Amino acid sequence: GAVTFSLVLGGALPWYQGVMHLVMQLLGSLLGAGILAAVFPCSMDMTGNLGSNIVSKDYGPGRALLAEVVGTFLLCTVVWQVAVSSLSRAGPN
């Protein structure tokens with residue numbers, strides 16, 4: 001979602017295509033969660049949080065948010081530099 005949002009904001013993707021990407025990403029995540037729940041019933045889950053991420057008690061929500069912001073920024077930067085930039089040699093842009 002974050003990369004799609006950045007591509008729409010940057011003008012590399014039309015808004016209507018960005019909306020469809022977001023809808024499909026959400027549907028895909030729901031489908032994936034359903035498959036995961038069907039393959040691994042709750043009674044077999046020894047972690048108590050099947051397929052989800054939980055912030056450790058050693059880190060607060062502020063540090064987790066900072067890590068998410070930095071990681072998302074790095075991901076979006078890499079996508080823009082490799083897949084969108086006309087200076088990239090990774091393929092046709």
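The following conversation concerns a predicted model of one protein chain.

Biologist: What should I know about the model before we start?
Modeller: It is a predicted model, in which local features need pLDDT of at least 70 and side-chain atom pairs count only at pLDDT 80 or more, while totals for chains, interfaces and linings use all residues. Residues are numbered from 1 along each chain as its sequence is written, and side-chain values use heavy atoms, with hydrogens and water left out.

Biologist: How many helices and strands are in the chain?
Modeller: The chain has three helices and zero strands. Helices (H or I, at least four residues) and strands (E, at least two) are DSSP runs, numbered from the N terminus. In order from the N terminus, the elements run α-α-α.

Biologist: Why is the chain described as more spread out than a compact globule?
Modeller: Its radius of gyration is 17 Å, well over the 12 Å that the globule rule gives for 93 residues, so the chain is more spread out than a compact globule. The radius is taken over C-alpha atoms, and the globule rule is 2.2 Å times the number of residues to the power 0.38. Along the principal axes, the C-alpha trace spans about 50 × 30 × 25 Å.

Biologist: What share of the residues is buried?
Modeller: Buried residues make up 11% of the 93 residues. Buried means under 20% relative accessible area, exposed over 50%, and partly exposed in between (1.4 Å probe, protein chains only).

Biologist: Let us turn to Trp15. Where does Trp15 lie, and is it buried or exposed?
Modeller: Trp15 lies in helix H2 and is exposed, with a relative accessible area of 62%. Tyr16 is exposed as well.

Biologist: How many aromatic pairs are there?
Modeller: The count comes to one aromatic pair. The rings of Trp15 and Tyr16 have centres 5.9 Å apart and planes at 85 degrees, so the pair is edge-to-face. Rings of Phe, Tyr and Trp (its six-membered ring) pair if their centres lie within 6.5 Å; planes under 30 degrees apart count as stacked, over 60 as edge-to-face and the rest as tilted.

Biologist: Now Leu36. Which residues does Leu36 touch?
Modeller: Leu36, in helix H2 (residues 15-39), touches Leu50 and Gly51, not counting residues up to four places away in sequence. Contact means heavy atoms within 4.5 Å. Leu36 and Gly51 are 15 residues apart in sequence and 7.6 Å apart in space, C-alpha to C-alpha. At 30% relative accessibility, Leu36 counts as partly exposed.

Biologist: Where is Phe40 found?
Modeller: Phe40 is found in the loop between H2 and helix H3 (61-84). With 39% relative accessibility, Phe40 is partly exposed.

Biologist: Last one: what is Val79 in contact with?
Modeller: Leaving aside neighbours within four places in sequence, Val79 is in contact with Val3 and Val84. Val79 has its place in helix H3 and is partly exposed at 22% relative accessibility. Val79 and Val3 are 76 residues apart in sequence, yet 7.6 Å apart in space, C-alpha to C-alpha.
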